[in-house]
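Subject: Structure handover

Hello,

Please find the structure below. My notes on it follow.

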Amino acid sequence: MSKTNAGRFFEDYRLGEVIHHAVPRTVSGGERAMYHALYPARGALYSSDAFAQSCGLSESPMDDLIAFHLVFGKTVPDISLNAVANLGYAEGRWLRPVWPGDTLRSSSEVIGLKQNSNGKSGVVWVRTTGRNQHGEAVLEYVRWVMVRRRAEGDAPATVIPELAKSVAANDLVIPEGLDFSEYDFEQAGEAHRFGDYAIGEVIDHVDGVTIEEAEHMMATRLWQNTAKVHFDATNRADGQRLIYGGHVISLARALSFNGLANAQMMVALNGGAHANPCFSGDTVRAWSEVLDKAETDAPGVGAIRLRLVATKGKIGEWKTDDGKYHPSVLLDLDYWALLPV
Amino acid sequence: MSKTNAGRFFEDYRLGEVIHHAVPRTVSGGERAMYHALYPARGALYSSDAFAQSCGLSESPMDDLIAFHLVFGKTVPDISLNAVANLGYAEGRWLRPVWPGDTLRSSSEVIGLKQNSNGKSGVVWVRTTGRNQHGEAVLEYVRWVMVRRRAEGDAPATVIPELAKSVAANDLVIPEGLDFSEYDFEQAGEAHRFGDYAIGEVIDHVDGVTIEEAEHMMATRLWQNTAKVHFDATNRADGQRLIYGGHVISLARALSFNGLANAQMMVALNGGAHANPCFSGDTVRAWSEVLDKAETDAPGVGAIRLRLVATKGKIGEWKTDDGKYHPSVLLDLDYWALLPV
Amino acid sequence: MSKTNAGRFFEDYRLGEVIHHAVPRTVSGGERAMYHALYPARGALYSSDAFAQSCGLSESPMDDLIAFHLVFGKTVPDISLNAVANLGYAEGRWLRPVWPGDTLRSSSEVIGLKQNSNGKSGVVWVRTTGRNQHGEAVLEYVRWVMVRRRAEGDAPATVIPELAKSVAANDLVIPEGLDFSEYDFEQAGEAHRFGDYAIGEVIDHVDGVTIEEAEHMMATRLWQNTAKVHFDATNRADGQRLIYGGHVISLARALSFNGLANAQMMVALNGGAHANPCFSGDTVRAWSEVLDKAETDAPGVGAIRLRLVATKGKIGEWKTDDGKYHPSVLLDLDYWALLPV
């Protein structure tokens with residue numbers, strides 16, 4: 001009858017159930033300032049009210065990844081406290097900007113279950129939705145994790161959801177009013193526009209950042225993700241604290257400014273893998289590959305589909321002969337962003 | 001005739017004098033974001049405007065411990081710069097919420113003096129009051145410290161104030177409008193309410209956090225507590241920076257969310273001891289003991305008196321045979337909090 | 001045809017050209033809170049709306065050095081990415097306060113060029129101006145750096161601008177409405193006023209702060225200065241990250257509160273040298289020398305010209321027999337500040 005949360009185990013999930021995650025959160029310029037201190041983020045739309053206004057928005061929204069981390073962080077106590085592995089993401093879409101002053105909450109629907117053949121764990125698929133104080137959805141995504149069973153027992157019926165390989169360009173949601181027809185390339189930092197990127201093109205983002213313990217812990221706590229594996233040096237035999245995968249996402253995305261300064265807003269998360277663990281002391285670099293491009297109905301706004309790879313090794317290292325990620329690869333993320341045409 | 005502040009010595013204090021501490025401070029969402037980055041704080045009332053509004057407040061106030069640290073930090077240059085030891089706290093009460101935009105100042109009245117028999121130091125008792133920009137008291141507490149004499153000399157008359165062992169339940173100040181009758185336990189994170197806690201019950205808060213130098217220094221500076229012992233690695237022979245005791249208070253209180261998620265607001269500080277020093281690299285854990293419970297006049301609001309213990313060792317370690325704290329115990333804090341009935 | 005920014009080389013600068021630097025930035029209470037966490041800053045005017053209002057301002061402006069770092073940070077990708085050395089500052093003036101909610105951008109005019117005799121590098125002088133969202137100048141300063149050539153080639157005509165040794169007292173811009181006639185010395189933290197400081201007087205600011213990697217990286221990123229030398233531990237053969245010189249400026253200025261608590265606002269930057277590099281683990285101390293004093297037209301407001309020196313050694317260490325800075329000296333800054341008469 002412990003009062004503390006031991007987390008859910010595989011047998012605690014029921015297909016179709018909706019879990020309302022705890023601790024709503026109001027965001028402000030404080031979270032934005034912390035984000036700028038934690039990551040080399042320079043995207044003009046998330047840095048400047050004046051720039052955002054020149055793009056048709058009322059003010060600068062919170063960075064898309066702030067929204068992602070906040071929504072994700074709330075799910076950790078219910079979804080991944082007993083997770084063995086975070087297996088993947090799919091069908092992620094940003095549906096509405098998050099503004100300073102907004103309060104976010106999140107919930108997850110269990111959409112898939114598959115017990116492993118060893119009977120000791122299983123895979124749980126959830127579709128998570130983040131909502132603002134008006135009940136409007138701001139973000140949704142599917143995530144699947146491998147979770148331990150508390151005890152062996154009968155397997156539930158196996159249900160594996162059908163998931164799109166990527167979000168179709170037609171399904172991207174463009175923020176209301178967004179207009180890049182008067183886009184200021186000089187203030188944004190680079191001249192490259194929609195037409196300058198070719199499918200298949202690879203961009204080395206050049207810069208590297210060496211990670212410190214204090215930084216990744218502050219970042220992870222900021223999103224109220226308090227899973228002990230990120231904070232307690234006595235938790236692993238090697239005394240290392242595992243860095244929250246989302247920290248690597250934000251770091252790589254910020255590094256990608258150098259070459260993708262105009263890929264302003266993330267609008268879809270097609271997929272992603274945390275290929276290898278990241279630890280304090282690792283120097284993270286990033287490269288991107290252009291996977292696809294699409295036009296949109298919004299004035300001056302195009303969409304670009306990108307593979308974003310974070311590595312602690314050399315940019316060229318990617319997959320080994322057996323198809324696995326090279327040990328230096330940390331992240332392989334597939335997303336859509338908006339940029340001026 | 002140095003222009004710098006050498007701090008006060010024992011012989012500089014006069015019974016009854018009131019010291020107005022310097023550097024008023026305006027707080028905003030920035031301080032709240034930093035607090036969330038520095039501590040695993042997840043209390044819903046201090047995280048969400050929407051949640052605070054559902055509890056009858058106009059918006060989310062600043063965390064009680066932000067108020068405490070700000071008021072305390074201002075006293076350091078006048079009270080504890082030459083302190084040998086921070087001996088205790090008593091009769092602490094939060095009197096009014098601190099809202100974003102408020103400006104805090106603090107003052108202390110000397111209420112007790114007792115020179116030590118060695119003639120080289122003495123104990124000073126002060127009652128400190130924090131006030132907002134309207135002159136309204138937001139927090140008061142008694143604190144006593146051992147302070148060096150500048151030179152030997154006649155002892156002042158010994159006056160030891162009579163201090164309550166704990167704040168009486170009747171004297172707790174409930175924030176105006178607070179109403180837990182529509183309390184959302186799901187969003188708060190736990191189902192346990194007033195009736196679920198038994199006096200004498202002990203709760204192990206499970207999680208641990210390993211502290212880094214950068215974190216405790218940023219935390220301590222945030223409250224404008226600039227005592228060199230926390231910042232200057234050359235100050236002690238062992239090259240270690242002593243961690244501000246308040247950092248351990250905030251860390252332990254945040255950890256106690258796991259089991260006490262609904263103990264939303266601190267309303268009284270009955271007593272406290274910084275049992276042993278804390279250093280970078282320590283992994284801090286916490287446990288709580290329910291000391292008392294009381295009803296209040298506010299709708300749906302009960303009060304719970306808790307002992308909060310922070311340790312860098314095992315949860316079971318407490319006091320040694322001679323009655324002293326086990327060397328692993330960092331903090332022993334006695335406080336009242338409000339929770340839903 | 002790389003899409004990433006390789007920075008400008010000496011031959012890329014043309015006399016008289018104006019470079020508009022990228023990424024405008026809106027500031028808020030979040031940046032202020034971060035500043036208080038990063039530096040032991042206690043100046044009352046930048047800490048409290050109530051104090052600022054008692055000095056005739058509408059609210060507390062952002063710290064002068066926040067304005068400086070933001071304006072400077074934007075210039076890095078265009079001016080100093082390929083710099084061998086940051087040689088000096090001159091003719092710096094704060095022209096208008098920066099308020100929470102303001103959006104800053106900056107531009108630089110090339111005002112001098114001189115190729116080095118080796119033909120491999122040259123010195124570039126720029127006059128940088130920071131502007132708010134209304135186009136009003138908030139800060140201007142001259143800076144000169146030594147920059148590599150991409151390839152050897154013809155030298156441009158040598159133009160060395162004439163720069164004032166210091167900003168004349170008559171040219172200092174006092175913020176509109178500033179009035180120190182009701183100045184609250186008790187809340188400001190010290191009693192020393194204009195008349196208490198003598199030209200030639202030296203003040204040891206006593207305290208020391210040991211710097212951590214996480215701190216200087218967060219500070220530097222906060223200003224969107226992402227030059228890899230500050231972040232990538234693999235960039236130098238010795239594995240050390242070079243600390244942004246501005247971090248040392250802010251640290252020293254904050255330390256100078258102890259003895260100069262009433263030197264509230266910086267209004268001119270007469271000159272400055274980053275005498276030696278600073279690294280994580282260094283313990284920084286500071287001392288000041290009063291260089292000059294002047295009256296102003298604003299009620300109760302005087303000006304004081306100060307040399308601010310940061311050192312990682314002893315306070316007495318200054319210059320060696322050959323006139324060079326002692327290896328322990330980190331910073332030698334010459335500025336004007338405003339204080340009550």
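**Charges over rings and the C–A contact**

C:Lys3 lies over the face of A:Tyr197, 4.6 Å from the ring centre; a charge sits over a ring if NZ of Lys or CZ of Arg is within 6 Å of the ring centre and within 35 degrees of the ring normal. This is a predicted model, in which local features need pLDDT of at least 70 and side-chain atom pairs count only at pLDDT 80 or more, while totals for chains, interfaces and linings use all residues. Residues are numbered from 1 along each chain as its sequence is written, chains are lettered from A and ligands numbered from 1 in the order in which they are written, and side-chain values use heavy atoms, with hydrogens and water left out.

C:Lys3 also forms a salt bridge with A:Glu201, with 2.6 Å between the closest N and O atoms. There are 4 salt bridges between chain C and chain A (a side-chain nitrogen of Lys or Arg within 4 Å of a carboxyl oxygen of Asp or Glu). The contact (heavy atoms within 4.5 Å) takes 43 residues from chain A and 31 residues from chain C. About 3,100 Å² is buried between these chains, 54% of it from carbon and sulfur atoms; buried area is the accessible area (1.4 Å probe) that two parts lose on being put together, summed over both.

Within chain C, the charged end of C:Lys293 sits over the ring of C:Phe194, 4.5 Å from its centre.

**Aromatic pairs**

Rings of Phe, Tyr and Trp (its six-membered ring) pair if their centres lie within 6.5 Å; planes under 30 degrees apart count as stacked, over 60 as edge-to-face and the rest as tilted. By this rule there are 36 aromatic pairs over all chains. B:Phe72 and B:Tyr244 form a tilted pair, at 5.7 Å centre to centre and 40° between the planes. In chain A, ring pairs link A:Phe68, A:Phe72, A:Tyr89, A:Tyr141 and A:Tyr244 into a cluster.

**Core and burial**

The largest nonpolar core has 186 residues, and those touching the most other members are A:Met34, A:Phe68, B:Met34, B:Phe68, C:Met34 and C:Phe68. Such a core is a set of buried Ala, Val, Leu, Ile, Met, Phe, Trp, Tyr and Cys residues joined through side-chain atoms within 4.5 Å; buried means under 20% relative accessible area, exposed over 50%, partly exposed in between (1.4 Å probe, protein chains only). Leaving aside neighbours within four places in sequence, A:Met34 has contacts including B:Met34, C:Met34 and C:Met218.

Regards
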